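Welcome, and thanks for taking a look at this one with us. Please have the sequence and the 3D view open side by side as you read the notes below.

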Amino acid sequence: MTVLVVNTGSSSLKASVIDDHDETLVEKELSLGDDASVQGSDASGEVAALVGTLGRVYEATAVGHRVVHGGPRFVDPVLLDEDVLAQLGALRPLAPLHQSVALGAIAAARSALPDLPHVAVFDTAFHATLPEATRRYPVPWEWERDHGVRRYGFHGIAVSWAAERAAELLHRPATELGLVVAHLGSGCSVTAVAAGRSIDTTMGMTPLEGLMMGTRAGSIDPGVLLHLLRSEALSLDELADALDHRSGLLAIEGTTAKMQQLEARAEGGNDRALLAIEMFTSRAAGWIAAMATALPRFDALVFSGGIGLGSALVRSRICARLGALAVPSLASRRAADDTQGDAVLARTDRVAVLRVKAREDIVVARATRQIRSESGRARRSAPQ
């Protein structure tokens with residue numbers, strides 16, 4: 001049962017074909033631009049052409065889509081139809097950088113491969129296990145009832161894979177482990193995983209909460225936002241644009257949000273690049289420590305995401321701040337023979353530090369195969 005996986009980010013799309021042994025047959029990436037909106041743009045035709053070609057050449061039997069926000073209803077993968085798509089469209093304001101792009105890609109993929117089942121797999125679903133004390137904000141009770149104000153969490157597909165791989169690398173059952181998964185990339189989050197379940201996470205109702213990120217501010221004093229609006233220094237749209245596109249690493253260094261470039265400039269003496277890295281690592285370490293307090297036991301810190309996987313400097317600086325939690329120190333430079341693959345990087349008698357490549361495509365493919373199998377059984381058992 002070969003699955004074509006469509007993974008849309010805020011400005012790019014990855015399409016991969018996964019066979020029933022979880023092997024990647026092909027992977028292609030398509031840039032959608034900085035303010036991507038697939039549907040109704042030139043990118044729609046490119047997405048349809050790419051997806052259609054891969055689906056036909058590799059004889060895909062289903063298409064799985066990563067969707068960032070499932071809201072309160074979608075806590076499991078779901079077969080896509082017009083009703084589901086309408087409900088997902090209503091969630092656009094909660095993840096404006098991602099939801100519109102994903103829905104546009106889904107529309108293009110369905111037009112290219114109309115005879116295949118299309119399945120949505122949600123980043124928020126893994127965090128459906130958040131306890132009420134974590135899920136709720138300390139705001140008026142009716143805000144959740146009337147306006148849906150609550151914490152959902154994100155990066156759940158990547159975190160679930162990281163937790164599974166950590167158990168394999170540590171040769172221990174996932175049900176026995178307390179993990180802190182630091183997913184560090186253009187978007188960043190940290191999740192406390194106990195016995196394979198999410199019990200706390202840094203992103204909230206939207207992907208803006210929590211860590212400092214590439215172009216997102218993360219958590220800041222809400223009074224700052226009120227001040228800017230009350231003083232009319234910024235309009236609502238200008239404020240939203242600044243928080244999503246012009247904050248984080250980009251705001252501090254001034255020209256780039258790419259960690260590799262920041263490290264090179266910092267090494268060359270660029271003070272703003274040095275400051276950006278210091279702010280990023282100190283905030284990440286603080287959130288990791290906070291997530292560790294949610295666990296009944298802290299067995300491992302797992303780095304994932306582009307920065308988590310690729311930056312030895314960032315990992316080293318974060319771990320250096322966590323010695324009080326028995327987190328071992330790491331080298332600040334990658335060894336010459338380091339392949340960047342999944343690995344246990346260091347361990348004490350209490351805590352291990354791991355690196356795991358995010359494989360959202362495998363998780364989406366597995367979920368898609370399951371939904372397709374269930375829908376097939378339902379059709380066969382239906383009365384004729």
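A residue is called buried when its relative accessible area is under 20%, exposed when that area is over 50%, and partly exposed in between. Keep in mind that this is a predicted model.

**Nonpolar cores**
- The largest nonpolar core is built from 45 residues. Val180, Leu184, Phe280, Leu301 and Ile318 have the most contacts inside it.
- Several elements give two or more residues to this core: strands E7 (178-184), E8 (188-194) and E10 (300-304), together with helices H10 (259-267), H11 (271-292) and H13 (312-320).
- H11 supplies the largest share of this core, ten residues.
- Another core, of 30 residues, lies apart from the largest one, and its members include Val3, Val159, Val193 and Ala367.

**A helix pair**
- Two packed helices are described by the angle between their axes and the distance between the axes.
- Helix H7 (residues 222-230) packs against helix H8 (residues 236-245) at an angle of about 145°, and the two axes are 10 Å apart.
- The crossing of H7 and H8 is right-handed.
- Which residues meet where H7 packs on H8? On the H7 side they are Leu225, Leu228 and Leu229, and on the H8 side Leu236, Leu239 and Leu243.

**Cysteines**
- How many disulfides does a search of the whole structure find? The search finds zero.
- Is Cys188 buried or exposed? With 0% relative accessibility, Cys188 counts as buried. Cys319, at 2% relative accessibility, also counts as buried.

- Thr2 sits in the segment before strand E1 (3-8). Its relative accessible area is 16%, so Thr2 is buried.
- Beyond its neighbours within four places in sequence, Thr2 is in contact with Val17, Ile18, Asp19 and Leu25, and also with Tyr58, Glu59, Ala60, Thr61 and Ala62.
- Asn7 belongs to strand E1. Asn7 has 13% relative accessibility, so Asn7 counts as buried.
- The side chains of Asn7 and Arg66 make a polar contact at 3.0 Å.
- Not counting residues up to four places away in sequence, Asn7 touches Ser12, Leu13, Lys14, Arg66 and Glu360.

**Asp81, in a loop**
- Where does Asp81 lie? Asp81 is in the loop between strand E5 (78-79) and helix H2 (82-89).
- At 37% relative accessibility, Asp81 counts as partly exposed.
- The Asp81 side chain reaches the backbone nitrogen of Asp83 at 3.1 Å.
- Asp81 and His118 are 37 residues apart in sequence, and their C-alpha atoms are 8.4 Å apart in space.

Methods. Residues numbered from 1 in each chain as written. Predicted model: local features only at pLDDT ≥ 70, side-chain atom pairs only at ≥ 80, totals over all residues. Heavy atoms only, no water. Disulfide = S-S within 2.5 Å. Buried < 20%, exposed > 50% of the residue type's maximum accessible area, 1.4 Å probe, protein only. Helix = DSSP H or I, 4+ residues; strand = E, 2+ residues; numbered from the N terminus. Contact = heavy atoms within 4.5 Å. Polar contact = N/O pair within 3.5 Å; in protein donor to acceptor, adjacent residues only side chain to side chain. Core = buried A, V, L, I, M, F, W, Y, C linked by side-chain atoms within 4.5 Å. Axes fitted to C-alpha atoms, helices over the stretch in contact; angles between N-to-C directions. Left-handed = near helix turned anticlockwise from the far one by under 90°.
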